[in-house]
Amino acid sequence: MLRIKNLEAGYGSLRVLRKVSMHIGPREIVTVIGANGAGKTTLLKAILGLMDSRRGEIFFGEQELQTLPTERIVSLGCSLVPEGRQIFAPMTVRENLVLGAYLLYRNRKGEGVEEDFERVYTLFPRLKERERQLAGTLSGGEQQMLAIARAFLSRPRMLLLDEPSMGLAPMMVREIFAHISRLRKEFGITILLVEQNARAALSIADRGYVLETGRVVLQGPSEDLLANRDVQRAYLGRDLNG
Amino acid sequence: MYWEPDKELMDVEEREQLQLERLQSTLNRVYAHVPYYRKKFDEAGISPEDVGSLADLSRLPFTAKEDLRENYPYGMFAVPMREVVRIHASSGTTGTSTVVGYTRNDIRTWSNLVARILTAGGVTKDDVVQIAFGYGLFTGGFGLHYGAERIGASVIPASSGHTQRQIKIMVDYKTTALVATPSYALLVAETLRDAGIPMSALSLKYGLFGAEPWSDRMRKEIQDRLGIIATDNYGLSEVIGPGVSGECLEQRGLHINEDHFLVEVIDPDTLSPAPPGEIGELVITTLTKEAFPMIRYRTRDLTSILSDACPCGRTGRRMTRVTGRTDDMLIIKGVNVFPSQIEAVLFEIEGTEPHYQIVIDRKGAMDEVTVLVEVSESIFFDQMRRQKEMVELIRKRLAQELGISVEIKLVEKKTIARTDGKAVRVIDKRKL
């Protein structure tokens, strides 16, 4: 579904990604794990056309993405759930969701929007309860649900999630990740999940890539990465000296 | 039957993407963790970042057996020792051994790859698999063992040798698949015949043979005598052990596990790529090994690549059976001679047994080659004339094939020492 070859991207003279190649099959959950500054967010931005300087190949299905503006990429079915949620705090939950459904309103005159809202509310009953509440008053976990729900309303074929676990309590992380799994299972949405929380990410992902200073140093089935000692030491916080 | 159909039947373009991803991450790792590779890459003026396609592989330096020896024992490991759960050593057919290591993931990968090859060779969970490879530092025994166990077959770790006991096990335990060297399979067949045990006493269906070169004639001999389908499989400890490639029941060459190994065939003299389909030295790059990754390892094994489709449906390329090694190439009277050439000729001649030995000596400045050939008893006790005719026939055929003249000596059956492992085909007495 997504195929990247030799992707290089950076800011000015700073090179962040160095010949990154990866692929995501249809209905796969793939995670990219790595420390702060490894290039994870840059990777997502490069896919979505949010980086000025980038080289390499990015294919979404048969469509080459390098030359397309972000809005075209999004309308092809590639949606981002950004780091730090980026919800509109002074607006209500409902209003935030309406913004996510913008493409549906524009392209299909709102047709099917009500059904989509119902679907979102079934997935996230908590958002239904707080429909009229200001988004800024939601808890961190609820805000994350809102961000995911908002992206879901653009009817993506692939969802790119940037650190959805950030700042959340372990229990809430589990809940959010269970929701992400359901998006694949119930709606067939392909997921690219960028995470520092390697354990949580690998627990739902089929495969993973380990990014270190802009390079892929390891890749493979989640099972293999969980068993890899480098991953355990660097990303799973396991003390191997004990 | 496939073990991992999603990998074995993978779309070629998809596989190439996977190979590139794996190659790039392997290069990033070896450059960071193995001083030997970092130095070699730096000297060659190439960095992992310069590799953006599979074709760029050819810009990387080769790794040779000598490099492994210089880094003996652990210098080529890409992980700390505490991550290594298994150590093997090369079987040391030639020279000193080299030490290789495996992480837990490597063992799992290895088991899976061997399971693919066993499955391709007919083995299922319903089979009773007798493994007559040595268990020990040699990768053959444990490699096949873990693969067969992975499939769920009933594994008999018989190990090598004790042929009488092997046969008792084979008959009594109703072994359905035999794993051994081809020369050992022949020895088993011979021993069975001598003991008067008929083929009907065996439950054998499949034989999976490897670890030494063998010919099609030898395959036919083994198949006929043991009543099995015999397939060839290939591997070497420096790369992983068995599991690099293996034949399917079509017997049309060995399917390479290309999602884990990148293969090239080069001219061993010029080091440039051999023309497509031509025989040359096999060079392997590992794509998934953690503890002991190999970049462009010169195997010294001679083979060629088959790119046409196999009726079994596997999409990877295949290699022809290894016909010899660059280092068992004999230079006799200035001519390059491979033992496999001699074997091929002998097998075409009626009345010879599939056992032979090449003895090379030097008288003055001249190389002298004597080929000892076992012949069936009937000929041996027959009149001198027939023996003479046979010697002449072999001499003539070998001269045609090799371009040099050799002495032929017919010997009685079982004169040539049998081994439990790899056969000793060449005795070079020359003091060079």
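What share of the contacts in chain A with a separation of 6 or more comes from residues 24 or more positions apart? I looked this up and got 65%, with a contact meaning C-beta atoms, placed from the backbone, within 7 Å.

A note on what I am reading: this is a predicted model, where local features need pLDDT of at least 70, side-chain atom pairs count only at pLDDT 80 or more, and totals for chains, interfaces and linings use all residues. Residues are numbered from 1 along each chain as its sequence is written, while chains are lettered from A and ligands numbered from 1 in the order in which they are written.

Next, confidence. The predictor gives an ipTM of 0.89 and a pTM of 0.86 for the complex. For chain B I found an average pLDDT (confidence in each residue, from 0 to 100) of 91, and 97% of its residues score at least 70.

Back to chain A. Its C-alpha atoms fill a box of roughly 50 × 45 × 30 Å along the principal axes. I also noted that 47% of its 242 residues are buried, that is, 20 or more other C-beta atoms lie within 10 Å of their own, C-beta atoms being placed from the backbone.

Then the cores, each a set of buried Ala, Val, Leu, Ile, Met, Phe, Trp, Tyr and Cys residues joined through C-beta atoms within 7 Å. The largest has 91 residues, and B:Val129 is among those touching the most other members. A second, separate core of 72 residues includes A:Ile4, A:Val32, A:Ala200 and A:Leu225.

Terms used
A residue is buried if 20 or more other C-beta atoms lie within 10 Å of its own, exposed if 12 or fewer, and partly exposed in between; C-beta atoms are placed from the backbone. pLDDT is the predictor's confidence in each residue, from 0 to 100. Two residues are in contact if their C-beta atoms, placed from the backbone, lie within 7 Å.
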